[in-house]
Amino acid sequence: MPNDPLASPAPWWTLARGDGPVLATAIHDGHAVRTALADRFALDDAGRLREEDPFTGDAIHDAPNRFVAHRSRFEVDLNRPLDTAVYQSPDQCWGLEVWRSALTPAEVEASRDYHRRAYAELGRVTDQMAEDFPAFVVLDVHSYNHRRDGADAAPTPVEKAPDINIGTFSMPRERWAHVVDPYLSFLSDYDFNGRRLSVAENLAFQGKGEWSRFVHDRHPKQGCAIAFEFKKFFMDEWTRAPDPAELDAMRRLMRDSVAVLGDLIQSRDP
């Protein structure tokens, strides 16, 4: 469509459907922005990439059910409620100046439309999974920075920045303890390139994002949404250079996580 306000060279997202009761998602993997906004950014590519979650889409590539967003969170953040999903001031996004000038109401609304459509897709897919299974898991995969003081500065101590952080804030924790507790043990014991990763629950992040909240609100008795954060140990968060061996191990971990979570969610009635 020649005047489509959502037009972009990149697709909105990639959705794969397959067997099993686990949907893996990477909603901050994207870096693309729609054509109409490409020249409006004050923030350069490197600045945007640093706060996005590159390689999380690759990490979940082996999940039979997966959703990978290709739009940047700086166009619209799918993990925030609709009214705050478009960053419009530095206080909403790590003190960063995102736009050369304020977006018009029409531009904001076009970005919000992408948010609406993504949530409509999430609703459709999870409704189908709720029809197919007594209970299902949404594994919402993200990554986070731990060298915020600069490339040459000391990283955040592991006591505050675990390799993996599981967020469970929005779920009824007691309902899904039979899934979360053994999954945490699985992650702590996992052979990740010959080492064990540090794993914590609700330490660096608590899982308060809109994506998980939506699943729990829509399917309170069937949907178990787990917010999963990799610390960016698998890449240089300043140069964005990845470590291929670590990326391969992440992909194996996600593949095995899908299998483990599928067994756990079906181990008892919700």
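Guide: Two strands count as paired if DSSP finds at least two bridges between them. In this predicted model, strand 2 (residues 22-26) and strand 4 run parallel and are joined by four bridges, so the two meet that criterion for pairing. Strand 4 is also joined to strand 7 (residues 223-231), again running parallel, by nine bridges.

The burial of strand 4 can be followed residue by residue. In a regular strand, side chains alternate between the two faces of the sheet. On one side of strand 4 lie Phe 136, Val 138, Asp 140, His 142 and Tyr 144, and on the other lie Val 137, Leu 139, Val 141 and Ser 143, with every one of these residues buried, so that both faces are covered. Because nine of the nine residues of strand 4 (residues 136-144) are buried, the strand is largely enclosed by the rest of the structure.

His 28 lies in the loop between strand 2 and helix 1 (45-51), and its relative accessible area of 3% places His 28 among the buried residues, for which the cut-off is under 20%.

How values were computed. Residues numbered from 1 in each chain as written. Predicted model: local features only at pLDDT ≥ 70, side-chain atom pairs only at ≥ 80, totals over all residues. Heavy atoms only, no water. Buried < 20%, exposed > 50% of the residue type's maximum accessible area, 1.4 Å probe, protein only.
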